[in-house]
Amino acid sequence: MSTPTARVLQPLGSFIKVDSAGNPFLEGVQCATCGEVLLESRRGCPKCAAIGTLEPVRLSETGKLFSYTIVHRSFPGIETPFISAIVELDGGGFLRGNLIGVEPNPAALRFDMPVRVQFDHTQVTGKPDLELLRYVFVPLVGRRPMNVGGNHA
Amino acid sequence: MPDVYVVGTDMIRFGRYPERTVDDMGAEAALLALADARLGIRDMQAVYCGNLGQANAAVGQRIMKQIGQTGVPVVNTANACATGATAFREGWIAIKAGLYDLVLCVGVEQMGKGMLGSPKSYAGIPVEGLLGSATMPASFATLGMEHVRNYGTTFEQFAKVSVKNHHHSTLNGKAMYQFETPLEDVMNAEMIAYPLTKLMCSVNVDGAAAAVLCSETKARELGLMSRAVRIRASVLTSDPYTPQNLANQDFNAVTRLAAHGAYEMAGVGPGDIDLIELHDCFATAELLHYENLGICNDGEAGRLIDTGYTALGGELPVNVSGGLLSKGHPLGATGIANIYEVTTHLRDEAGARQVPGARLGLTHVVGAGAACAIHILEKV
């Protein structure tokens, strides 16, 4: 048996960053020419084709439920059901992720319901040395939901 | 530029043929199409072959080894679910350019059962289920829910697409399935990704289809005009940028762009079309494409399926072959199988599922990535 070692933190997406205090946040890019907000950087802007104009921009961690599906069957070994949500972030950018804290039932979901990005840590089988940093969406109703995984306002 | 005609086309019955090879199925379809044109492989000046699963393995040349290695140029295409239509379009381009008078276009695919593709990874970690779902059913379910969001379309309306297309394929001996699926069966089938049940997902099958294309001069010279079908438009698009595309593939904008181009090239509008074979890879997709192809206004697709407008016997029958949902969807073959279906109606040879008096037909495929191909065919 190996002795426990410090796990490596692996964000699940180039736009998931961690600040010096260890707090995760979302950082996308914005085109200086057309203003479009994107998740991942690239050589040029896919919207206006300007090259070298994408600058880092902090993404909002609130948004609204744009669309979703409730996944009952995925690839073998993937636990279901879960809500795969598309969220339109306040201030720009569309993000796909799991929506938790609400029944995976169309009757329980409302388009445009406000949601909040929450970071959490998870693991996958076969990679015991990796601590995965991902985001999920949680409904934002009335007061702020409990934070999980070191997220901060 | 000269007009280009389909002078021969056919397909093998779509099904599960694990004992066969891609070469063998492609060769059979090629020979059927050549026989339909009353021509042989020696008459072909170039061959265009669409296949996705073995895109690096010279499938077109392997087909030639089955039917005659004449030494002509063979071009293999891979373009997601638009693979077959892309091969067909390359043949059209070559004749339009005046390079050739006669070319053969083949599409063929051998598929496994089950969920298409494999989980997406980030930094070597499979993220399916951790960051939502990127399966094809989930992508098209999410697009369907976008339509629900915008227009209040219902689960039942999506399900009716499957009822219709499964009914259509009971009249098509070359379809994978020939059975009725009543609405309650569709809605109560295993839920895959809401609002898509298993019967609302296209069926992965093996298959092949082929078409012989010919210049007008040559078709007249060979006396092939009586059964020839004119290609009035051939348009291929890639996905223009849309913001939603950051999070989920957008199959709408790429289709709208192609539809606009195709109607413009043909000089016709959606109201002139008599039948459509469109990319119903999932039941949600068919309703989206009613609007993307302009056969109704945005938000009216649900009502269109309710009224029977797109059923055989309706104003504008859609997917009378059974569509991808019931005829089956062998990726590389689908685009050319659509051409076969529409051509067969324009020739008034579709038997029990014939759309009476069909003069103009439209075919549409759209693949992940994205690629959309639309062809408009006309009875001569």
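## A tour of the aromatic rings

Over all chains, the structure holds eight aromatic pairs. Rings of Phe, Tyr and Trp (its six-membered ring) pair if their centres lie within 6.5 Å; planes under 30 degrees apart count as stacked, over 60 as edge-to-face and the rest as tilted.

Before you click: this is a predicted model, where local features need pLDDT of at least 70, side-chain atom pairs count only at pLDDT 80 or more, and totals for chains, interfaces and linings use all residues. Residues are numbered from 1 along each chain as its sequence is written, chains are lettered from A and ligands numbered from 1 in the order in which they are written, and side-chain values use heavy atoms, with hydrogens and water left out.

**Stop one.** Select A:Phe66 and A:Phe94. Their ring centres are 5.1 Å apart and their planes sit at 80 degrees, so this pair is edge-to-face. Buried or exposed? A:Phe66 counts as buried at 10% relative accessibility, and A:Phe94 counts as buried at 6% (buried means under 20% relative accessible area, exposed over 50%, partly exposed in between, with a 1.4 Å probe and protein chains only).

**Stop two.** Hop to B:Tyr177 and B:Phe179. Here the centres are 4.8 Å apart and the planes at 45 degrees, so the pair is tilted. B:Tyr177 is partly exposed at 22%, and B:Phe179 is partly exposed too, at 35%.

**Stop three.** Now pick A:Phe15, A:Tyr135 and A:Phe137: ring pairs link them into a cluster.
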